[in-house]
Amino acid sequence: MTERILQDIHDEIFRLDDWGTPAQYIPELACIPPRQFAISVCLANGDCLNAGASDRPFSIQSVSKVFSLAATLGRFGDQLWSRVGREPSGTSFDSVVLLERENGRPRNPFVNAGAIVTTDVLLAGRQPKQALAEVLGLIRAMAETDDIHINDKVATSERLTGARNKALAHYLQSHGNLQNEPDLTLGTYFHQCAIEMTTRQLALAGRSLARLRAGPNVISPRHARRINALMMTCGHYDGSGEFAYQVGLPGKSGVGGGILVIAPRVASIAIWSPGLNLYGNSHAGTRAAAMLAQTTCWSVF
Ligand code: DON
């Protein structure tokens with residue numbers, strides 16, 4: 001694995017005609033120019049390789065769900081699973097369809113409804129500030145840097161326009177699956193989604209999930225294995241099967257255009273390009289992940 005390989009992928013991506021469309025429902029993200037790309041790879045020997053805008057912070061959005069899940073499992077263990085399932089949904093990330101059919105128990109912790117419940121669990125007995133400090137603290141420990149912050153403008157932008165998430169939270173509440181006031185849990189959730197990281201930082205944070213020799217072991221091996229399984233089956237929503245087919249590695253996407261991909265024991269990979277495909281996953285980022293998997297033959301299969 002060399003930086004040349006990443007540079008070739010970068011150059012190939014810049015030959016694309018279609019870069020997808022940035023998330024339109026969050027005004028702060030809607031205006032970001034789509035023709036941008038970054039990729040970072042951390043290896044078992046401690047090397048971290050980069051290409052493109054790997055020092056530009058972007059909104060990690062749903063990639064944060066990996067970290068809030070890790071924090072929740074770390075603190076509350078298996079308690080979460082009485083309130084959230086572990087099955088792929090086959091529906092979009094913000095869908096309400098299954099919630100009604102399944103009595104307000106979200107399919108998995110990565111669809112929005114499941115992530116809102118996860119944040120609600122993490123809030124038990126604590127103020128939003130403390131719960132957010134815990135998620136941010138975990139990310140900073142995983143990435144071994146304090147220079148990771150929440151963008152309040154993005155959180156506010158989503159709070160003002162997030163009618164769909166409000167509907168989900170109130171629907172969860174009507175089924176007794178929300179312990180805090182919807183606005184409190186949502187406010188915490190929107191701030192968690194508004195964390196900004198560079199691909200360099202995100203790849204560093206992923207080392208613990210990949211269980212790389214050179215990285216810090218912040219997440220227990222048991223939780224890392226389970227989070228990887230959920231990333232593989234549910235990390236790209238209704239695009240998870242296609243991502244598994246094209247890339248063959250656990251991955252978690254966000255509408256900010258970021259993707260965290262884990263090659264267990266081999267590499268932690270972070271990719272960013274803000275234009276999205278029909279599933280709300282990075283268009284160029286997904287292409288780049290497939291190219292990297294093909295070139296390196298990294299796969300869990
Ligand atoms: O709740 C939302 O809609 C956003 N804050 C996060 C959604 C997201 O990133 C979906 N991922 N592709």
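**A tour of the nonpolar cores and the open sheet**

Select F67 and L209: within the largest nonpolar core, which has 58 residues, these have the most contacts. A nonpolar core is a set of buried Ala, Val, Leu, Ile, Met, Phe, Trp, Tyr and Cys residues joined through side-chain atoms within 4.5 Å, where buried means under 20% relative accessible area with a 1.4 Å probe, protein chains only. Helix α3 (residues 64-76) supplies the largest share of this core, 7 residues. The model is predicted: local features need pLDDT of at least 70 and side-chain atom pairs count only at pLDDT 80 or more, whereas totals for chains, interfaces and linings use all residues. Residues are numbered from 1 along each chain as its sequence is written, and side-chain values use heavy atoms, leaving out hydrogens and water.

Keep F67 selected and display its contacts (heavy atoms within 4.5 Å). Neighbours within four places in sequence aside, F67 touches I60, V135, L138, I139, M142, L202, A205 and L260. Another core, of 28 residues, lies apart from the largest one and includes I39, A51, A267 and A289.

Next, select the open sheet, whose 5 strands follow the order β2-β1-β8-β7-β6 with antiparallel pairing. Strands are DSSP runs of E, at least two residues, and helices are runs of H or I, at least four; two strands pair if DSSP finds at least two bridges between them. β2 (48-52) and β6 (251-253) are the edge strands, each with a single partner, so one side of each has no neighbour in the sheet.

Move to β1 (residues 38-43) and β8 (residues 267-272), which pair over 6 bridges in the antiparallel sense. I39 has I271 in β8 as its bridge partner.

Definitions and conventions
Buried < 20%, exposed > 50% of the residue type's maximum accessible area, 1.4 Å probe, protein only.
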